[in-house]
Amino acid sequence: MSADDRSAEILDRLRRLRARDAPTHGGRTLAYVYDSGVAELDELAARAAEIARPLNGLDPTAFPSIAAMERDLIAFARRALHGDSRRARAFGSVTSGGTESCLLAVKTARDLWRAADPLRARSRPRLVAPVTAHAAFQKAARLFDLEWDPVPCAADGTVSADEMIRRLSADVALVVVSAPAYPSGALDPVGRVAAAAADRGISCHVDACFGGLVLPWWPGLPAWDFRVRGVTSISADLHKFGYAPKGVSVLLHRGRARHRAQFFATTRWPGYPVVNPTLLGSRSASPTAAAWAIAQRLGDRGYAELTARCVRATRSIVAAADRIEGLAVQGRPAGPAVALIADPAVPAAARVDPHLLADEVARLEFRIQHQPGLVQSNGVRLPHSAHLTITPVTERTLPELLDVLARAADAVRGRPRPEPRAELAALRMLGYGSGSRSGSRVRVPGPRAAWRILRAAGVRVDAGGLPERLAPLMALAERLPAPVAEALLTELLARVSEP
Ligand SMILES: Cc1ncc(COP(=O)(O)O)c(C=O)c1O
């Protein structure tokens, strides 16, 4: 076999592997991917990414093209987020994604909080956020040693500004609000929370990883960006509604000093001086180049036009879901994220369980995302739901999508959610199923026990795939103490890529 043939065969194998993936284009996958629906944009992004492929983002002085692209992207994002006035001048960095932007926002706020008072040098501050704030903030709290203080939300996914403000005392390093929250689509009360935070000298981050490049053009929203007094940082993902391939986000801070507090620099080793604005060292410039090319091509008008498609599609989906008997939309989404729930206003016999719905939708070759319910610290349960991310391409597949939702609802209406009674009883026998949901004093299974439990619960991992029907697994995960559920899901995911 020639070298060319061998390469062709390898690429062929990759294509065959890709055949099992969820479709990334065409509007059938309503989570994970953000499809502009404009083939020419994808083509442009791919070519830009290829041009930048050999670069190393570690050092933009060696590769000034990266610095030039980053300057343009930051300038674009700060204009969109109103961080370009003299009153609110924002400075920022390009990061590898939403999680990294959120991690850095927390690390920066923690460092500034500690630096503000020598007595705080070794203290563990709190991080206050609605329980709907992205899990990346829990990760940040664990990594950077803050106490995670989630504020309960109402069943419709909204949080009370008063409830948040009540928690803002001197030991809070950061309060987070979302624009919008991924699980519910709700826009948190940015104005009141940020003003209260400012009055108390507390940092306030707006997590607009999801909405940062779509809400600026969304009609009828209250101000939630740097126009709001007290907002000290905002994250906005270019690899979501910036339509870039994965690996690129921006984090903006109000004022130079806050931005500089984000950096890591050391001259205390014998190698090259390390100055990292973000968490990674060496990093790809391809996603940055792709995002840059797309932003250049679309500009403000292009984003406004693509957002208008999202607005129309979201309105149609919300209206259609409201018309489907037994199904309801959680709260009032302020952006292109919709959570479908069982309509609590109708009798159980007429209800549509969102997870059975999501499984049925998958059988009909669309994908919507299972979100487990959550019993909060105050006992209020956030209902389990099915999440839809609506992108510009959704408008094109709308008739088919609405038909699939209606047919799937007809197929599962009145069917109760799977009750994992036998599994829970078996787990309790093994000593894993009891204890509080929050996980105090529970026994956590190790890898082998976790795998045995998963198999006993009927979960199989076939050649890299997850179980076809996720509703039973989600029901089980929701009912177990969190550390047990987390151990099971960790095991499941680890096995997926275990050789
Ligand atoms: C509001 C919000 N914040 C943060 C993230 C984390 O982003 P990423 O998956 O890019 O790390 C997401 C992802 O969906 C999100 O919706």
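Hi everyone, let me begin with helix H4, residues 98-115, which gives the most to the shell around the ligand, with three residues. Helices here are DSSP runs of H or I with at least four residues, strands are E runs of at least two, and both are numbered from the N terminus.

Before going on, a word on the model. This is a predicted model, where local features need pLDDT of at least 70 and side-chain atom pairs count only at pLDDT 80 or more, while totals for chains, interfaces and linings use all residues. Residues are numbered from 1 along each chain as its sequence is written, and side-chain values use heavy atoms, with hydrogens and water left out.

Back to the ligand. Which residues surround the ligand? They are Gly98, Thr99, Cys102, His134, Tyr182, Asp207, Cys209, Phe210, Asp237, His239 and Lys240, where being near means having a heavy atom within 4 Å. By type, the shell divides into four nonpolar, four polar and three charged residues. In this scheme Ala, Val, Leu, Ile, Met, Phe, Trp, Tyr, Cys and Pro are nonpolar, Asp, Glu, Lys and Arg are charged, and the others, Gly among them, are polar.

Now for some distances. A polar side-chain atom of Asp207 lies 2.6 Å from a nitrogen atom of the ligand. On the oxygen side, an N or O atom in the side chain of His239 is 2.7 Å from a ligand oxygen, and for Asp237 the distance to a ligand oxygen is 3.4 Å. The protein covers 84% of the 390 Å² of accessible area that the ligand has on its own (Shrake-Rupley method, 1.4 Å probe).

Next, please look at the second largest pocket. H3 gives the most to its lining, with six residues. Helix H3 (64-80), strand S1 (90-95), helix H8 (256-260) and strand S9 (274-276) each supply at least two lining residues. The lining of this pocket divides into 14 nonpolar, five polar and six charged residues.

Finally, let's visit histidine 384. Where does histidine 384 sit? Its place is in the loop between strand S14 (381-382) and strand S15 (385-389). Histidine 384 counts as buried because its relative accessibility is 10%, and buried means under 20% with a 1.4 Å probe and protein chains only. Its side chain makes a polar contact of 2.7 Å with that of aspartate 353 and another of 3.5 Å with that of arginine 417. A polar contact is a pair of N or O atoms within 3.5 Å; within protein, one must be able to donate a hydrogen and the other to accept it, and residues adjacent in sequence count only if both atoms are side-chain atoms.

Terms used:
Buried < 20%, exposed > 50% of the residue type's maximum accessible area, 1.4 Å probe, protein only.
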